[in-house]
Amino acid sequence: MMVMGAIYGIVRVIGAVGLLKNKMWGLALSVINCVITMALMMFMLPAGIMDGIFACSALILILMEFFRDKTIVE
């Protein structure tokens with residue numbers, strides 16, 4: 001489990017660097033990582049609970065920034 005956590009951490013840092021540089025691959029990598037983390041958090045209890053909370057909040061912030069003021073129907 002420690003190795004998986006380290007791999008997820010490295011991928012998160014790479015995605016964050018991509019987002020910081022305003023690259024689309026950083027957005028895709030971060031969203032994919034958040035979704036995978038939310039799906040797998042129930043198998044990594046009890047540490048997965050906090051990891052899931054952080055992944056959910058990061059995903060919400062990423063999507064809020066990406067879509068900004070876009071509406072469903074224009």
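This section describes the helices, their packing, the salt bridges and the surface of a predicted model.

The chain contains three helices and zero strands, and its elements follow the pattern α-α-α along the sequence. Taken along the principal axes, the C-alpha atoms fill a box of roughly 45 × 25 × 15 Å. Of the 74 residues in the chain, 22% are buried. Among contacts between residues at least 6 apart in sequence, 42% join residues at least 24 apart.

Helix H1 comprises residues 2-20 and helix H2 residues 24-40. The axes of these two helices come within 7 Å and cross at roughly 145°, and the crossing is left-handed. On the H1 side, the residues that meet H2 are Tyr8, Val11, Arg12, Ile14, Gly15, Ala16, Gly18 and Leu19. Their counterparts in H2 are Trp25, Gly26, Leu27, Leu29, Ser30, Asn33, Ile36, Thr37 and Leu40.

Helix H2 also packs against helix H3, which spans residues 47-67. The angle between H2 and H3 is about 145°, with the axes 9 Å apart, and this crossing is likewise left-handed. Residues of H2 that take part are Met24, Leu27, Ser30, Val31, Cys34, Val35, Thr37 and Met38. These meet Asp51, Ala55, Cys56, Ala58, Leu59, Ile62 and Phe66 in H3.

Serine 30, located in helix H2, is listed both in the contact with H1 and in the contact with H3. With neighbours within four places in sequence left aside, serine 30 is in contact with Gly15, Ala16, Leu19 and Ile62. The relative accessible area of serine 30 is 9%, and the residue is therefore classed as buried, the cut-off for this class being under 20%.

A search of the whole structure finds two salt bridges. In one of them, arginine 12 pairs with aspartate 51, and the closest N and O atoms are 3.0 Å apart. This pair links distant parts of the chain, since arginine 12 belongs to helix H1 and aspartate 51 to helix H3, 39 residues apart. The two partners fall into separate accessibility classes: arginine 12 is partly exposed at 32% relative accessibility, whereas aspartate 51 is buried at 18%. Not counting residues up to four places away in sequence, aspartate 51 touches Thr37 and Met44 as well as Arg12. Thr37 itself lies in H2 and is included in the contact between H2 and H3.

The other salt bridge joins glutamate 65 and arginine 68, with the closest N and O atoms 2.3 Å apart. Glutamate 65 has a relative accessible area of 45% and is partly exposed. Arginine 68, at 62% relative accessibility, counts as exposed, because the cut-off for that class is over 50%.

The chain exposes about 5,700 Å², of which carbon and sulfur atoms supply 78%. A nonpolar surface patch of about 510 Å² is made by Leu45, Ile49, Met50, Ile53 and Phe54. Methionine 50, a member of this patch, is found in helix H3.

Technical notes
Residues numbered from 1 in each chain as written. Predicted model: local features only at pLDDT ≥ 70, side-chain atom pairs only at ≥ 80, totals over all residues. Heavy atoms only, no water. Patch = residues over 30% accessible without salt bridge, like charges linked within 9 Å, V, L, I, M, F, W, Y side chains within 5 Å. Areas by Shrake-Rupley, 256 points an atom, 1.4 Å probe, with all protein chains shown as cover. Salt bridge = Lys/Arg side-chain N within 4 Å of Asp/Glu carboxyl O. Helix = DSSP H or I, 4+ residues; strand = E, 2+ residues; numbered from the N terminus. Axes fitted to C-alpha atoms, helices over the stretch in contact; angles between N-to-C directions. Left-handed = near helix turned anticlockwise from the far one by under 90°. Contact = heavy atoms within 4.5 Å. Buried < 20%, exposed > 50% of the residue type's maximum accessible area, 1.4 Å probe, protein only.
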